[in-house]
Structures are given as C-alpha cells and as structure tokens.
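Thank you all for coming. I would like to walk through a few packing details, beginning with a single side chain and then moving on to helices.

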Amino acid sequence: MTGASIFIQDDLEISDTELEILAGIISFYSVIGSLAAGRTSDWLGRRYTMALAAAIFFAGSILMGFATNYAFLMCGRFVAGIGVGYALMIAPVYTAEVAPSSARGFLASFSEIFINIGVLFGFISNFVFAGLPEHISWRVMFLIGAVPPILIFAGVLILMPESPRWLVMQGRLDEAAAVLAKTSDSPEEAALRFEEIKSAAADEERGHEEGVWRELLVRPTPVVRRIVIAAVGIHFFQQASGMDTVGLYSPRIFEKAGITSRNKKLGASVAMGFIKTIFILVATFFLDRVGRRPLLLTSAGGIILSFLALASALLVIDRQAEGEKSKAALGVTIAAVLSLMATYSIGLGPITWVYSSEIFPLRLRAQGVSLGAGTNRVISGVLTMSFISLYKAISISGAFFLDAGIALIGWFFFYFFLPETKGRSLEEMEKLFEQKEKQVGKVEALVENVTPIILRTDQET
C-alpha cells in the first residue's frame with residue numbers, strides 16, 4: 001500500500017482523507033478476523049485455520065487488483081483485512097504450540113520475519129512496477145500479492161502437522177504424541193511436554209463451561225488479569241508508538257525532507273524494508289539467548305531516540321525558508337527512519353507477537369491472542385487513518401515528538417510489568433505471572449505500612 005497509494009490517489013482522484021481511510025481501514029477489518037480466528041482455530045484446528053487465512057488473502061488480492069473504483073477497492077480491503085486478522089492471530093499461536101521451549105522465541109518470531117520479508121517484497125514491487133501506466137501499476141502491485149497465499153495453502157496442507165496442544169484438547173492423544181516426538185529435542189522432553197499439555201488441558205472443559213471470554217474479561221483471577229494487561233499493553237505500545245505510520249507514509253516523510261522524485265522515494269522505502277528484514281533476522285538469534293526483556297527494553301529505548309532525531313530534523317526543515325534545503329537535515333531524516341526500522345525490528349516488532357502468544361494458559365490462549373491482535377489492529381487503524389490529519393494539525397515534527405513520548409511511557413510499562421519468559425514452558429507461564437503478582441502484592445503492602453510512618457514523621461517535623 002505504501003507505493004500503491006501514490007498511484008491510487010492520482011488514478012482514482014481521491015482526497016487525502018479518502019486515502020488515509022483506505023490505508024488504515026484494513027486494520028479495523030482485521031479485528032473481525034483476529035476475533036473470529038480464536039473460535040475458528042478451536043473448532044477447525046490451527047492448521048486448517050491457516051489454510052483458510054491463505055484462501056481469504058488470495059480473494060482479497062484479486063478483488064483489490066481488479067478494483068475499478070474506490071468502493072470496489074474498499075471491498076477488496078475488507079476481504080484482505082479479514083485474512084490479516086486470521087493470520088496475525090493463528091501464526092504465532094501455532095508456532096508457539098509446536099515449538100520446544102529451547103527454540104520457541106526463535107521459531108515464534110518467524111511470523112514477524114516473513115511479514116517483514118513480505119513488506120520488503122511489497123516495497124520492491126512498488127519500485128519495479130512504478131514504470132507501468134498509472135492505471136495499471138497499482139493494480140499489478142496488488143495482484144502479485146495473490147501468489148504467496150497459493151504457496152502457503154499448499155505448504156500448510158502438505159507439510160505441516162497439527163498443533164499437539166489442539167490435538168490433546170480434542171482427545172486425539174496418539175496423534176499429539178506423534179507430533180511431539182517429531183518436534184521435541186529428545187524423547188524425554190516429548191514425554192514431559194505431553195504430560196504438561198494433558199495436565200493443562202484438564203482445565204479446558206471447565207474453562208469453556210464458564211466461558212473463556214468471561215474468564216478473560218469479566219471475572220478474571222488476579223493472575224489472568226495481569227496476563228491480559230501484559231498482552232494488551234505490549235500490543236498497544238507496539239502500535240501507539242507510531243511505527244506503522246512511518247512505514248505506510250514513508251514517501252510523504254521523504255518528500256517532506258526534500259526527496260521529490262517518485263523513484264527516489266520508492267527506492268528509499270526499499271532501503272527501509274531491507275533494514276527491517278536484516279535486523280529482525282538478527283533478533284531471532286538473540287531471543288532465546290539474551291531473553292525477551294533485554295531486547296525489548298533496548299528496542300524501545302532506540303525507538304525513543306530515533307523518533308526524537310526524526311522529529312528534530314523535520315522541525316529544522318519546517319523552519320527553513322521556502323526553497324532552502326538542508327542536506328544535513330535530509331541526512332538525519334533518512335538515518336532516523338532507518339534507525340527506527342532497525343531498533344523496532346530487533347525487539348518490539350517480533351517480541352510483541354512471541355510474548356503474547358506464549359503467556360496465556362492453554363484454555364485461554366486462542367481467545368487471549370485474538371484479544372491482543374485485535375488491540376494491535378485497532379490502534380494501528382486509528383493511527384494510520386488519522387496520521388495525515390494529525391500532522392496537518394500539529395505539524396509532522398509534532399506528530400513524531402508525540403510518538404517519542406508514547407514510546408517512553410511504553411518503556412516504563414515493559415520494565416515494570418513484563419517478566420522474563422525465556423526458557424519457560426508454556427504450561428509454566430501462569431505460575432510465572434502468579435509469582436510476579438505476589439511480588440507486586442508485597443511491594444503494595446510495604447508501601448501501605450511505610451506510608452503512615454512517613455506521614456507521622458512529616459507531621460512531627
């Protein structure tokens with residue numbers, strides 16, 4: 001959409017407001033898919049849900065590619081958005097449930113890796129097809145997106161086993177044991193994982209009788225409430241920091257900095273895609289070695305500094321006399337955008353999906369991850385549908401100073417609220433958050449006991 005939007009706006013003669021709605025609405029549509037995916041994956045299984053997502057993606061790409069007007073294109077975005085929601089929910093859940101704990105972070109980050117490889121291919125297709133006639137170029141950019149879903153559909157049905165945890169939930173224990181034997185580091189680990197999954201699944205019937213959504217949102221235990229806040233919070237700050245708007249509207253950012261050629265703007269976007277892909281590959285090799293928290297906190301810190309640099313450079317450009325160009329400000333703008341891509345991809349990008357997919361108890365996992373994905377898409381939609389209006393109101397530099405402030409709040413949330421999950425089995429997560437809840441309870445009790453003493457001392461003084 002990043003490059004296609006340039007040609008769509010000229011070809012269909014739509015306004016900035018219509019363009020930002022078209023760009024951002026897919027995130028709202030994807031909420032429907034992500035919420036539906038939880039129930040679908042519990043009913044059909046994780047594997048067939050992925051095949052269904054691929055079929056929806058294929059249909060969405062075809063509809064967008066053959067759109068003849070704005071309304072038709074919006075229908076294509078609706079279908080594609082449902083596929084986005086399904087995929088964002090089911091891919092990390094499936095990987096987390098299949099992977100052994102020793103490599104879960106590495107493998108669960110694959111969904112984010114290939115999302116970014118797909119984004120890179122999108123940038124490349126923008127650049128390659130930009131030379132076609134205007135009314136054809138953006139349509140080909142969408143139609144080429146119908147190829148990967150075919151490969152995904154075939155790969156899922158031919159190569160991929162079903163999730164052992166889902167098989168246990170269905171009472172298909174022999175099949176689950178066979179999958180675990182193939183996906184564990186040793187027979188002993190396979191047997192241990194099998195017993196842990198069966199123990200966790202014993203609560204499944206009770207959870208469904210009480211209602212999963214009720215247990216998540218209406219009457220959660222203190223531990224479940226903390227898990228929900230952690231999952232929703234990490235998704236909120238991933239998107240509220242504004243990274244999707246930087247990627248989607250990068251041609252406008254580069255134009256503001258002084259790059260006016262279409263090809264140069266699209267070329268800069270390709271460079272941005274390469275940086276994202278390279279650094280997310282780096283992150284996968286450190287997730288299970290360094291841990292989630294160090295990478296997450298380093299990433300958030302880098303995002304804050306990069307946004308401050310970008311906002312400052314654009315502020316200098318805003319204050320320049322008309323016709324005057326600052327090569328230094330242009331260089332800082334490009335470097336800051338690339339730095340944003342790198343720091344985001346080394347932590348906050350992949351870890352958000354890894355972390356939220358591994359912390360929920362088995363009985364709540366599908367719906368819990370759906371809740372996180374839904375939050376992610378709503379915030380993304382709000383920001384991408386309002387970014388142009390926002391920067392026209394407070395300036396583009398003001399918008400990025402605001403993003404830096406939100407990212408700073410996110411850093412404190414990550415530091416104080418998210419425990420380390422490296423090396424823990426999925427079945428241990430509830431105990432981990434229970435320990436964290438007890439630690440918080442002790443701190444609160446200490447504060448309650450110390451506060452009266454401080455107040456008395458203050459009065460006496």
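Predicted model: local features only at pLDDT ≥ 70, side-chain atom pairs only at ≥ 80, totals over all residues.

**A threonine and some helix packing**

The backbone oxygen of Leu 348 lies 2.7 Å from a polar atom of the Thr 352 side chain, where a polar contact is a pair of N or O atoms within 3.5 Å, one of them able to donate a hydrogen and the other to accept it, and residues adjacent in sequence count only if both atoms are side-chain atoms. Residues are numbered from 1 along each chain as its sequence is written, and side-chain values use heavy atoms, with hydrogens and water left out.

Thr 352 lies in helix H19, residues 327-358, helices being DSSP runs of H or I of at least four residues, numbered from the N terminus. Thr 352 is buried, with a relative accessible area of 0%; buried means under 20% and exposed over 50%, using a 1.4 Å probe and protein chains only. Leaving aside residues up to four places away in sequence, Thr 352 touches Ile 234, His 235, Gln 238 and Gly 347, contact meaning heavy atoms within 4.5 Å.

Let me turn to helix H10, residues 173-183, whose buried residues are Ala 176, Val 179, Leu 180 and Thr 183. These cover an arc of only 100° around the axis, which puts them on the same side of H10, the arc being taken from the directions from the helix axis to the C-beta atoms. On the other side of H10, Asp 174, Ala 181 and Lys 182 are exposed. The cover over the buried residues of H10 includes helices H4 (70-98), H9 (164-169) and H11 (187-201).

Technical notes: Helix = DSSP H or I, 4+ residues; strand = E, 2+ residues; numbered from the N terminus.
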